[in-house]
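Hi everyone, thanks for coming. Please have the sequence and the 3D view open while I talk, and we will walk through the chain together.

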Amino acid sequence: MDDAIDYQHAWRQYKRRGRLWLALFVLYVPVVVGSALLTLKYWHTPNPAFVLAILWMSYTLYLGARINLWRCPRCGQCFAGTCWYNKGIFAKQCVNCGLLKYSNEQVSSLPSTPTADAVDQESAS
Ligand SMILES: [Zn+2]
C-alpha cells in the first residue's frame, strides 16, 4: 500500500502558470509594439494598442502575484513567504513546512551526528 501523497498535479499547475507568466513577460514588447504599428497603419490611432498594453500588464501583474502567493500543496500556506518577506520564484522549499519545490518530499535533514549516548554505546561494545 502506497501512502505517499502526490502533489504533482499542483506542481504542474504551478509550472504552467510560471511558463505563462514568462511568455507574457517576454512577448509584451513585441506584441504591443506590433499591435501599435498595425493599428496606426490601418486605423490611424494607437488607442487599441494602449488598451491591449494595459490589459496585458494588468494580467501579468495579477499572474505574478498569484505565483508569489502560491499555496503549498501540503500545508496550504504561502509557499514562498510570510507576511513580511517573500522569496517568490526563488523559493526552493516551503517556508512553512519544508516541502521541496516540485516534489512530494520534505527536505531531508542533515546527516545526524552521533549523540553522546550512541558514542558511549559503541565504545562500550
Ligand atoms: Zn508547506
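**Where two helices meet**

Let's start with a contact between two helices: R17, G18, L20, W21, L24, F25, Y28, V32, S35, A36, T39 and W43 of α1 touch P48, A49, L52, A53, W56, Y59, T60, L63, G64, R66 and I67 of α2. Sorted by class, this contact of α1 with α2 has 16 nonpolar, 5 polar and 2 charged residues. For the classes, Ala, Val, Leu, Ile, Met, Phe, Trp, Tyr, Cys and Pro are nonpolar, Asp, Glu, Lys and Arg are charged, and the others, Gly among them, are polar. By contact I mean that the C-beta atoms of two residues, placed from the backbone, lie within 7 Å.

Before going on, a word on what you are looking at. This is a predicted model, where local features need pLDDT of at least 70, side-chain atom pairs count only at pLDDT 80 or more, and totals for chains, interfaces and linings use all residues. Numbering runs from 1 along each chain as its sequence is written.

How do the two helices lie against each other? Helix α1, residues 8-43, and helix α2, residues 47-68, pack at an angle of about 175 degrees, and their axes are 8 Å apart. That makes α1 roughly antiparallel to α2. On the scale used here, under 35 degrees is roughly parallel, over 145 roughly antiparallel, 65 to 115 roughly perpendicular, and the rest oblique. The axes are lines fitted to C-alpha atoms, for helices over the stretch in contact, and the angles run from 0 to 180 degrees between N-to-C directions.

Now follow α1 itself. Where does α1 have a kink? The kink, about 50 degrees, lies at L27, shortly before the proline P30. The bend at a residue is the angle between axes fitted to the seven residues ending there and the seven starting there.

Zooming out, the protein chain has 3 helices and 0 strands, in the order α-α-α along the sequence. Helices (H or I, at least four residues) and strands (E, at least two) are DSSP runs, numbered from the N terminus. Of the 125 residues in the chain, 7% are buried. Here, buried means 20 or more other C-beta atoms within 10 Å of a residue's own, exposed means 12 or fewer, and partly exposed is in between, with C-beta atoms placed from the backbone.

Next, the loops. H44 follows α1 and sits in the loop between α1 and α2. Its phi is near 60 degrees, a positive value in a residue other than glycine. Is H44 buried or exposed? H44 is exposed, because it has 7 other C-beta atoms within 10 Å.

Y102 also has a positive phi, about 65 degrees, although it is not a glycine. You will find Y102 in the loop between α2 and α3. With 13 C-beta neighbours inside 10 Å, Y102 counts as partly exposed.

A10 lies in helix α1 and is partly exposed, with 16 other C-beta atoms within 10 Å. S103, in the loop between α2 and α3 (116-124), is 95 residues from Q8 in sequence and 7.2 Å from it in space, C-alpha to C-alpha. S103 is exposed, as 12 other C-beta atoms lie within 10 Å.

Finally, how far should we trust all this? The mean pLDDT of the chain is 85, and 81% of its residues reach 70 or more; pLDDT is the predictor's confidence in each residue, from 0 to 100. Over residues 109-119 the pLDDT is below 50, and beyond near neighbours in sequence that stretch has 1 contact in the model. Where pLDDT is low, the predicted coordinates should not be read in detail.
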